[in-house]
Amino acid sequence: MTSAEQKQAQEIRRLAEAKAAEPGALLPILHAIQDQVGYVPESAVPIVAEVLNLSRADVHGVLTFYHLFRTHPPGQHVVYLCRAEACQSMGARALERYARDKLGVDFHETTADGRFTLEPVYCLGNCACSPAVMVDETVYGRVTPERLDEILA
Amino acid sequence: MANAPATKVFVPSDTSARSLGADRVADAIAAEARKRGAPVEIVRNGSRGLYWLEPLVEVEVGGERRAYGPVAPEDVPALFAAGFLTGGKHALALGATEAIPYLKKQTRLTFARVGVIDPLSLEDYRAHGGYRGLANALKMTGEKIVAAVTDSGLRGRGGAAFPTGIKWKTVLATPAEQKYVVCNADEGDSGTFADRMIMESDPYVLIEGMTIAGLAVGATRGFVYIRFEYPQAIATMRAAIERATAAGFLGDNIQGGKGSFHLEVREAAGAYICGEETSLLESLEGKRGMVRYRPPLPAVKGLFAKPTVVNNVLSFATVPIVLDKGAEFYKNYGVGRSRGTLTIQLAGNVKRGGLIEVPFGAPLRAILEDFGGGSATGRPIRAVQAGGPLGAYVHPSQFDTPLDYEQFAGLGAMIGHGGLVAFDDTVDMGEQARFAMEFCAIESCGKCTPCRIGAVRGVEVIDRIRAGVDETANLALLKELCDTMVSGSLCALGGMAPFPVLSVLKHFPEDLRSSAAT
C-alpha cells in the first residue's frame with residue numbers, strides 16, 4: 001500500500017468506528033465514506049466488514065444494492081438528470097439525449113476532462129417545475145437544453 | 001428614517017422556488033434595499049405551493065401578506081420603484097396572497113403553516129397553533145390518543161390508505177421493552193412533493209406528529225427516513241430536531257413531563273423500493289432493501305423485530321391538528337370512507353402546477369381545469385397518471401371521477417400519495433407503458449421472480465409489439481405477464497407496475513401498435 005492508500009484506509013476505519021455503535025450503522029457509514037472520499041473504494045469493504053463484524057459479502061451486497069453509492073471516483077460535479085414521469089411530460093427524454101450528446105458520456109460515466117459525472121435520478125420532488133436537474137445538491141427547474149448549457153458552463 | 005420599522009419581505013427557500021432562482025431574487029432584494037437605505041427584513045419562508053408563480057415574493061403590509069410573482073432578479077429595481085414595500089401596483093402584483101383564488105379555494109389543514117411561517121422558527125410555529133396538539137396529548141393516555149386518531153378517520157397518506165388509528169392500536173397492544181416510530185419520507189413517486197414541502201417548510205409539524213405517536217404507543221425512539229434526492233429536507237429536519245430538542249420538545253422529560261422521545265434523521269440511498277415499508281425497515285437496519293413477507297406486520301414485529309409505527313410524512317403531519325381541534329373537526333371534511341382533506345400535487349404538463357389541499361370528493365376535472373388551467377403547452381391533456389409510477393393513466397372520459405379512494409379504485413386507478421401528472425397529446429403512451437416496466441426492472445429488489453424477471457420481459461415484449469413483431473401474440477403475452485405480476489409479486493412494486501401498462505392497453509391501445517412507434 002502506498003502512503004496515500006494507507007492514509008485513506010485509516011480515514012475509512014475512523015469513519016466506520018465513529019458510527020459502529022449506532023443501530024443499523026452500515027448505511028450511515030457508507031454515506032460518511034462517500035461524503036468524505038467522494039465514493040466508496042473497494043478497499044473500504046474489508047475494513048467496514050471488520051469494524052461491524054460482518055462478512056465482506058454482506059458489505060458488498062449493501063454497497064451494490066443502492067444506486068447512490070459509487071465505487072469509482074466521480075468527476076468534480078455529479079449531474080443528476082431526472083428520468084421520471086413528470087419530467088418526461090415536459091421534455092426530459094429530449095434533454096437526456098442532449099446532455100449525453102453534449103457531454104459525450106452515457107449515464108454513470110465521467111467526461112474526459114473530469115468535470116462531470118452523469119447520473120440518472122428518479123424524482124427530485126420538483127415535479128411542478130419540470131424538467132429537473134440536480135448538480136451536486138443544487139436543484140434546477142424548467143431545464144431546457146439552453147438552460148443546461150448555462151448550468152454546466 | 002433610522003427608526004423606521006423594517007418591512008418584512010418573504011422570499012421562499014423551498015427547493016422548487018430555489019430551482020427557479022429564488023436565492024438570486026433574495027440577494028437582489030437585499031442589494032436594492034441597501035442601495036436605497038430601505039429597512040427590509042428578508043424572511044426565507046416555505047413555498048405556498050403555487051409553483052407557476054415562483055419565485056413568489058410576499059410583503060407584509062399592515063399585517064397582511066401581499067404577493068408579487070413570478071419575480072426575476074431583473075424585476076427587483078422596478079418593484080422597489082413601484083413601491084412594492086407598501087404593496088404598490090406593478091405588473092407582477094397579485095394582491096393579498098390568501099385571496100389568490102388557487103389558494104383561497106383550498107382547505108389547508110395539514111398545510112396550514114406552509115409558506116406562512118419561517119420554517120425553523122419555533123416561535124412562529126407556536127404562534128400559528130403549533131404544539132397545541134402535543135400539549136393535549138401529554139395529558140392523555142395512549143389509549144385516548146389512539147382513539148382520537150381512529151375517530152378522525154385518518155387513513156395513511158402514503159398510498160395504501162390504511163386506517164392510521166388501527167395501526168397505532170396494534171403497536172400499543174403489543175408489549176415490548178422498546179418500540180419505534182418510523183416516518184417514511186422516501187417520497188419516490190414522480191409527481192409528488194408534498195412530503196418535501198412539509199419537511200422544508202413546516203418541519204415541526206412532522207416532529208410533533210411523530211412525538212404524539214410515540215406517546216400514544218409507548219415508543220421512545222423515532223427515525224425519519226428521507227430520500228437522498230431531498231438534501232434540503234434532510235438539512236432542515238436535522239436543524240429542526242436540534243432546536244426542538246434544545247427547547248424540550250424532544251429528548252427525555254418532554255416539556256417537563258415523564259414522556260421521552262428521541263428522533264433522528266436517516267438518509268436513504270436511491271432505491272425506490274425503500275419506500276415500501278418493510279424494505280425501508282431493512283434499510284434502516286443497515287441491510288439491502290429487500291421486501292419482507294407479511295405477516296408479521298411491522299406493527300407487531302418491525303424495526304429490529306420490535307413493534308413499530310410506520311407512517312408517511314403527511315399522516316404524521318395531520319395528527320397534531322386532530323389532537324388540537326379534535327377528531328370530529330377533521331372527520332367533518334370529506335366523503336364516504338375518505339375523511340378529512342386530500343393533498344393533491346398537480347404536476348407535469350399543466351399551466352398552474354402546485355399543492356392543492358381540498359376535502360375528498362372533488363372531481364379530477366376541477367383540479368386539472370379550474371386549478372391547473374389545462375396543459376402548459378396549451379394542447380389538450382391526453383392522459384393523467386394518478387398515484388405515481390404504479391398508477392394507471394386516466395383517460396379524459398374518466399376526468400369527471402371524484403377524487404376519493406374508493407371511486408378511483410373503481411376505475412382501476414389509484415389516488416396513492418396524491419400525485420397527478422398530466423401529459424398533453426404529444427405523449428406516446430406506448431413509450432409510457434414501456435417505462436413502467438423499465439422502472440420496475442431498475443428498482444426491483446430482486447426477491448421475487450414475477451417482479452425481477454417479469455419487468456425485464458415486460459420491456460422486451462413491449463419492444464417487440466412496438467417493432468411490429470407478432471403483435472397479436474405478444475399483446476396476449478403482455479396481458480398474461482401483467483396478470484402474473486399482479487397475482488404473484490411479493491409487494492406493490494411488481495404487483496402494480498402492470499397497472500399503468502394495463503391502462504394503456506385498455507384506454508390508449510392505438511399507441512401500443514407498431515405503427516405508433518417512431
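1. How many residues of domain 2 of chain B are in contact with residues of domain 4 of chain B? Eight residues of domain 2 are in contact with seven of domain 4, where contact means that the C-beta atoms of two residues, placed from the backbone, lie within 7 Å. On the domain 2 side of chain B that touches domain 4, the residues divide into five nonpolar, two polar and one charged; Ala, Val, Leu, Ile, Met, Phe, Trp, Tyr, Cys and Pro count as nonpolar, Asp, Glu, Lys and Arg as charged, and the others, Gly among them, as polar. The C-alpha centres of these two domains of chain B lie 34 Å apart.

2. This is a predicted model, in which local features need pLDDT of at least 70 and side-chain atom pairs count only at pLDDT 80 or more, while totals for chains, interfaces and linings use all residues. Residues are numbered from 1 along each chain as its sequence is written, and chains are lettered from A and ligands numbered from 1 in the order in which they are written.

3. The domain assignment, which is automatic or taken from a database, gives chain A domain 1 (3-65) and domain 2 (77-151), with 29 Å between their centres, taken over C-alpha atoms. For chain B the assignment gives domain 1 (7-104), domain 2 (122-331), domain 3 (334-424) and domain 4 (429-511).

4. The contact between the chains takes 35 residues from chain A and 45 residues from chain B. Helix α2(A) gives the most to the side of chain A that touches chain B, with four residues, and the residues of that side divide into 23 nonpolar, nine polar and three charged. Helices (H or I, at least four residues) and strands (E, at least two) are DSSP runs, numbered from the N terminus.

5. In α2(A), the buried residues (20 or more other C-beta atoms within 10 Å of the residue's own, all placed from the backbone) include Leu26(A), Pro28(A), His31(A) and Gln34(A). The buried residues of α2(A) pack against α1 (3-19), α3 (44-52) and α4 (56-65) of chain A, together with β8 (262-267) and α12 (277-284) of chain B. After α2(A) comes Gly38(A), whose phi is positive, near 100°.

6. Chain B holds an open sheet of five strands in the order β13-β12-β16-β14-β15, with mixed pairing, two strands being paired if DSSP finds at least two bridges between them. Its edge strands are β13 (354-359) and β15 (393-394) of chain B, each pairing on one side only. Strand β14 (residues 381-386) of chain B pairs with β15(B) in the antiparallel sense over two bridges, and Val384(B) stands opposite Val394(B) in β15(B).

Technical notes: A residue is buried if 20 or more other C-beta atoms lie within 10 Å of its own, exposed if 12 or fewer, and partly exposed in between; C-beta atoms are placed from the backbone.
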